[in-house]
Amino acid sequence: MELQHVYQNTYVAVATTALIPVYRLNDTDIVLLDTGYARLDRSALTKLIDSNGFHLKGIICSHAHFDHTGNTRYLQERYGCLAAAQIIEAGISVNPDAYRANYVALTYGKSRELFLEECFIADVIIPADAASLDFCGVRFGILQLPGHSAGHIGIITPDGVAYLGDCLISQSEIDCAKLPTSMFIARDLESKCSLHKLQCPAYIIAHKEVLTDIHDLIDGNIAFIQAKEQEILDCLCDGMTFSDWIYAFCKKVNILTHNELKFSIVERNFSNFAAYLVDTGKIEIRRDFCAKKYYRV
């Protein structure tokens, strides 16, 4: 795993699917912002820490998705470091039953099978209105950026670099994505818009870019969500059930997977767009006995 310099004391470790920010407190002591994917990043991350003689003092988690907090508990146990998480995400991370809040299409049994390793107990709880966090002897800025997940945060290092987690994705990710991950579309759009006010020397986009200007990328992310909203709406014929509607969409954009976890993510993301379309008055739900059917308004 390669370590790349970003600005002053902020670096990124180049993990398999994401960038993991590393803030150097001094020559040896570090804080990680997220911990990567358990199955793909664990050995390389521990090798990076050990081979550089780093002392891992703490972890600040942006949100409780498996590709961001997959190694948190392992690193707590291995190095005795502290972990901090926003209050909603900390609650979700406690055990697989709570963790299922981010993967509701899975059964409880499947969630326990897949995500036991990703669960951890946060040592430090970040309030939902916090704008800063004193952690490991320094002050980090906190950006409350809900939408991608319920308690998603961005983190500003003491030298001013903004780690935006998954609030934005890179243009290359936009170009190949078929359905964005957003739990609350309206809040996600608000969070993205709020980033226009930031003035930072560098911005770390988890998947997978470091930039000095994000204004065009913010607009691109918003346009991507709006385009997908319209594409999903265009796939709806009045009277469709959820299964009919998601089938039509997946067929159109060629989402074809037999992997249970991957499809659960598609189903969750599609359901969140359907809820947004109801909230914005573009569709309505009518119930035929206990079956939901969807209609354009």
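At what angle do helix 9 (residues 215–234) and helix 10 (residues 242–253) pack? The angle is about 120°, and the axes lie 9 Å apart. That makes helix 9 oblique to helix 10 (angles under 35 degrees count as roughly parallel, over 145 as roughly antiparallel, 65 to 115 as roughly perpendicular and the rest as oblique).

A word on the model: it is predicted, with local features needing pLDDT of at least 70 and side-chain atom pairs pLDDT 80 or more, while totals for chains, interfaces and linings use all residues. Residues are numbered from 1 along each chain as its sequence is written, and side-chain values use heavy atoms, leaving out hydrogens and water.

Here are the two helix pairs; axes are lines fitted to C-alpha atoms, for helices over the stretch in contact, and angles run from 0 to 180 degrees between N-to-C directions. Helices are DSSP runs (H or I, at least four residues), numbered from the N terminus.

| Pair | Angle | Axis distance |
|---|---|---|
| Helix 1 (residues 38–51) and helix 3 (residues 72–79) | about 35° | 11 Å |
| Helix 9 and helix 10 | about 120° | 9 Å |

From helix 1, Arg 42, Leu 45, Thr 46, Ile 49 and Asp 50 meet Tyr 74, Leu 75, Arg 78 and Tyr 79 of helix 3 (contact means heavy atoms within 4.5 Å). Helix 9 brings Lys 228, Glu 231 and Ile 232 to Trp 245, Phe 249, Lys 252 and Val 253 of helix 10.

Finally, helix 11 (residues 260–279) holds Asn 272. With 14% relative accessibility, Asn 272 counts as buried (under 20% relative accessible area; exposed is over 50%, partly exposed in between, with a 1.4 Å probe and protein chains only). Leaving aside residues up to four places away in sequence, Asn 272 touches Ser 182, Met 183 and Ile 185.

Notes:
Helices (H or I, at least four residues) and strands (E, at least two) are DSSP runs, numbered from the N terminus.
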